[in-house]
Each structure stands twice: as C-alpha cells, then as structure tokens.
Amino acid sequence: MTIDSIWSYPPDSGHVEGRDLTGYGVVGTDGTLGHVEREDGHHGMWHLVVDTGVWLFGRSAVVPVGVVTSVDEAERKVSVACTVDEVKEAPRFRTDSETMDPDYLTAVADYYRRLMPHGTTTA
C-alpha cells in the first residue's frame, strides 16, 4: 500500500500539526458539508470524519486531509476542494471500524484522488 499526498495536509492549507479540528465546520466549494467529528490517521492515512447532519440523512463521511484547501482557526472552519455532491458520492462510511480498514481507506483515496486537479503530485 502506497501512502501519498491525499493523506497529508497540503503545506499551504494553514493546518498546524497537533491542532484539534473537532467541531470545526467543513465547507465544500459549493456549500456547507457539516462539522469535523474527529480526525484519524490509521495506517498513516490521515482523514476527517465529517458529520454531515441532515443533508445526508445523518450519516458521516470520510474525507482525506489531502483535499483540505484551508484551515481557518478564527472561524473554526475547514475548506475542502470538492463539492457537496462529490462528498455524497464518495464510498459510503458505515462503521468506525472502516477508518481502520486499509482496503476501505484505499477505495476512499482512489475516489478523492480522481477529483484532484490535474498536475497534482503524490509522494
């Protein structure tokens, strides 16, 4: 399994290592996605578990930190480089154990990697 930049915050995102993002609002390119329920990094695959609230029938979504475009400490907001519909179409997150499953996380990475702008490099 290869770890790539989809699992790392972009250097210009404003993320500060060790900062707890729990409770921060999450905003896509076209609207509000929800709030950060938690941040996990099993197998070096850092991601946010986002509570999507009512727009996705109360389910949560897993979003790799590589799609984070900015972290605004003052507004307690995380912006991501995908739309609400793109998050809705991501591999479905059902149980917490999936955040520890490398196969599930690989499927998530494959999905979000396709959304990244052309020319984005991975390590």
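Strand 1 (residues 25–28) and strand 6 of this predicted model pair in the parallel sense over three bridges, where strands are DSSP runs of type E with at least two residues, helices are runs of type H or I with at least four, and both are numbered from the N terminus. Two strands are taken to pair if DSSP finds at least two bridges between them. Within this pairing, Val 27 stands opposite Ser 79 in strand 6. Strands of a sheet pair through backbone hydrogen bonds, in either a parallel or an antiparallel arrangement. The structure is a predicted model, in which local features require pLDDT of at least 70 and side-chain atom pairs count only at pLDDT 80 or more, while totals for chains, interfaces and linings use all residues. Residues are numbered from 1 along each chain as its sequence is written, and side-chain values use heavy atoms, with hydrogens and water left out.

The chain contains two helices and six strands, and from the N terminus on its elements run β-β-β-β-β-β-α-α. The six strands form an open sheet of mixed pairing, in the order 4-3-2-1-6-5. Its edge strands are strand 4 (60–64) and strand 5 (68–72), each of which pairs on one side only. From one strand to the next, the twist averages 35 degrees; here axes are lines fitted to C-alpha atoms, for helices over the stretch in contact, and angles between N-to-C directions run from 0 to 180 degrees.

Strand 1 also has an antiparallel partner in strand 2, to which four bridges join it. In this pairing Val 26 stands opposite Gly 34, and the two strands form a hairpin with two residues between them. Strand 2 and strand 3 are likewise antiparallel and are joined by five bridges; Arg 38 has Val 49 in strand 3 as its bridge partner. The hairpin of strand 2 and strand 3 has six residues between the strands. His 43 lies in the loop between strand 2 and strand 3, and its phi is near 60 degrees, a positive value in a residue other than glycine. Most residues other than glycine have a negative phi. With a relative accessible area of 43%, His 43 is partly exposed, a class that lies between buried (under 20% relative accessible area) and exposed (over 50%), as found with a 1.4 Å probe and protein chains only.

Ser 79 in strand 6 is the bridge partner of Ser 70. Strand 5 and strand 6 form a hairpin with four residues between them. Arg 76, in the loop between these strands, has a positive phi of about 50 degrees although it is not a glycine. Arg 76 counts as partly exposed, at 42% relative accessibility.

Strand 3 (residues 47–51) and strand 4 run antiparallel and are joined by five bridges, with Asp 51 bridged to Ser 60 in strand 4. Helix 2 (residues 102–115) packs on the sheet and touches strand 3 and strand 4; its direction makes about 70 degrees with that of strand 4.

A nonpolar core is a set of buried Ala, Val, Leu, Ile, Met, Phe, Trp, Tyr and Cys residues joined through side-chain atoms within 4.5 Å. The largest such core has 33 residues, and those with the most contacts inside it are Leu 21, Leu 48, Val 68, Val 78, Val 80 and Tyr 112. Elements giving two or more residues to this core include strand 2 (31–40), strand 6 (77–80) and helix 1 (84–88). Helix 2 gives the most, with six residues. In soluble globular proteins, nonpolar side chains tend to be buried together.

Leaving aside its neighbours within four places in sequence, Tyr 112 is in contact (heavy atoms within 4.5 Å) with residues including Ile 6, Val 62, Cys 82 and Ala 90. A search of the whole structure finds one aromatic pair. The ring centres of Tyr 111 and Tyr 112 are 5.2 Å apart and the ring planes are at 90 degrees, so the pair is edge-to-face. Rings of Phe, Tyr and Trp (its six-membered ring) pair if their centres lie within 6.5 Å, and planes under 30 degrees apart count as stacked, over 60 as edge-to-face and the rest as tilted. Both Tyr 111 and Tyr 112 are buried.

Buried residues make up 41% of the 123 residues in the chain.
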